[in-house]
Amino acid sequence: MDRPTSGYWPSRDSVLGAPDRISAVERAHALASRCLADQLARLVAEACGAPNALISLVHIQRQFVLGSFGAGRSGAGPAEIAGERSLCEAVVAAGIPIIVSNATQDRRFADTAAVRKHGLNAYVGFPIRDADDLVVGVLAIGDHLPREWSARQLTVIDDAAQLFTAGLAGEIDRERRTTPVPDTIAELTTDGLDELHSFTDGLLTSLQTGVAACDRNGRLVVFNQALRNMLGVEDGDRTDVEPDDWPGALHLFHPDRRLFSADEVPLRRALRGERLRDVDVLVLAPGRRPRVLSINGQPVVDVVGDRVGAVITAEDITQRRRTEQLQACELAAAQALVDTTDLAEASANALAAIGECLHWPHAELWLADELSGALAPVARWDQPGRAPIPRMPDHVDAGAGLTGNVWKTGNPVWVPDIASGPLADPVAAGCGLHAALAVPVRSGEKTIGVLAFFSAHTEEPESSLIAVLLGITAQIGQSLERRRAESYAARLARSEEEYIALVGHELRTPLTSIAAYTELLHESDDDEPLGNVRPLLEVVERNTRLLLAIVENLLDLAALDSGHTMLDLVPTDLATIVREAVDAYHDLAEENGVRIQAELPTDAPLVADPERLRQAVDHLIDNAVRYSPDGGDVDVSLDLAGNALALTVSDSGIGIPENELELVTRRLRRGSRSTERKIRGTGLGLAIATTVLARHGGTLTLRSGGEHGTTATARLPLRPPVAAEG
């Protein structure tokens, strides 16, 4: 195939065949050290993760191989390559590097022998010059698969070519001074050996790839600065460590955090004759962020094939693995949130998924309690096998500590070490925790909670991790709001159906009695004495009062729910209201044989509607007294909890089944035990109390003691929300 006589394929009589260049090639061939070239080819190939490397001098119609790696063992390639058009010729002719990602698709090189006969696909060649700046050869690496060469790899090849050029220039200068130049390390003079060591040290120091090598006894003889940085090893440390102590001394772990055994260390495996490719090693040096290294390695053999040591190269792939880890973390958290409908269980599952992916040993989820104005714990996670830390108080106030600070500001906070500083956490630090990250949980623009994680080692802020956790907390916020909306919608639909049925039932009962007894009165004789029909009139009157009470309460509830009834909010003393209600029920309690006791503060000021609060308190105490058997106890207490007041009314009565606790707060619904025992009631008392408290921004919770009483807790903010004041 004819080639053009310019560009990449010059005539051999022009550039390649120039007499001064041919003389320079022959002089370099006589002076260059093959041993050094072999070492350099091996190091460059390992550093770039390439299967082949070649250092050759380009003559006319042939190449002299000085050093090689691949295609068998190091140094085992041919001493000379026949003269066919080659990519190395093109490098020499151009005098600049040639970089090829896919030679089979490149029209300039697809028909070269290396591509056609030997299957070369990707290629990089950098020129080697002599002392007179003439291009005499090429340092080249190749791969049989297409690949993109990184800037770091190209820098390594360029540095190596320049170092070999400098070494060759030194040899030529010495030759010109009639100093004999040896071909092997054994023949080197002391000065030559020192220069070789200096040259090799310079190469190893310039590489960004970590390199380590050992002799046949496993003693470290090469341990470059890049590898020291990756392992967190100070200069002069760890190079004299016995092979059996490498895992512990250098903090080498498998990706699943199992400590390497001495025989599993990659350099040891290479020394046994294994060729290693892409072996992940986790480095957990104390006080440093975990790092993941990708290790390649192989044995080192001499010219007769005897194993004389081993070499490994290391590439820091921490960021790549971290990206994969964060993607897995986000997916696992999202899956955990949809696997269950229970918020507490879903939150705990999400914490576990995140903690296991990140290997952070402790996590907490806090959600805002609007009544108390504080954060309340919802879920926590501790790494299996690790003792739980004694944390999670009942509440955290805004601005207090790490979680309180994040809740107050709505911004994520990363603390590199919680052992000191303004956000120090002595409890967590005392349990071996160091770095902490807390991010806000938002619903729209509102911060409704905080997600906090703690690490077992100090760590500097990592923006990618913060971004991922902000995405996860957004999912938690959306999930929380969606669950609430679904719950409210289901309850509303259920309540509408039940309400219609129950109203009809509750109104029909007294109306039926009134109609029946009215019919009896109508059938009585005109001269019937009043005393004879008075019992009938009393039944009509009693059912009429019951009917009026039901209608009035239903209208009252409807007005409260719709907002048509405004609250008259004024400074109020809840302690006085409760005390008066307790006194008012003493007579009824005595009639039922119930002891009613109150433990109240001197005062409990808040802003509220006193008449409505008295209405709610009356219903709570009335229920406790009415549903307590003879000799029962009713205890009333009032406490301040954060920015809220908590009124607790406990009885030792018939109790409410667990599955009816939420049911009995609905309109016209009563517990099954009260209807079985025919205890009178309208089923509206707890519904009214719940609605009154809700209008004040409060809540009512019921806790069952089985068949041994019920505890009702009404919680009220010291000042109701703005909507209640409108």
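Student: Where is Asp 133 found?

Tutor: Asp 133 sits in the loop between strand S5 (122–129) and strand S6 (135–143). Strands here are DSSP runs of E, at least two residues; helices are runs of H or I, at least four; both are numbered from the N terminus. This is a predicted model: local features need pLDDT of at least 70, side-chain atom pairs count only at pLDDT 80 or more, and totals for chains, interfaces and linings use all residues. Residues are numbered from 1 along each chain as its sequence is written, and side-chain values use heavy atoms, leaving out hydrogens and water.

Student: Why is Asp 133 called exposed?

Tutor: Its relative accessible area is 51%. Exposed means over 50%, buried under 20%, partly exposed in between (1.4 Å probe, protein chains only). Asp 133 is therefore exposed. Its phi is positive, about 70°, although Asp 133 is not a glycine.

Student: What makes Cys 48 and Cys 214 buried?

Tutor: Cys 48 has 2% relative accessibility, so it counts as buried. Cys 214, at 4%, counts as buried too.

Student: How many disulfides does a search of the whole structure find?

Tutor: The search finds 0. The test is a pair of cysteine sulfur atoms within 2.5 Å.

Student: How do you know that S7 and S8 pair?

Tutor: Pairing requires at least two bridges found by DSSP between two strands. Strand S7 (residues 210–215) and strand S8 (residues 220–223) have 3 bridges, in the antiparallel sense, so they pair. Ala 213 has Val 222 in S8 as its bridge partner. The hairpin has 4 residues between the strands, and there Gly 218 takes a positive phi near 85°.

Student: What span does helix H11 reach, and what is expected?

Tutor: H11 (residues 318–338) has 21 residues and reaches 30 Å from its first C-alpha to its last. The expected span is 1.5 Å times one less than the number of residues. That gives 30 Å for H11, and the model is close to it.
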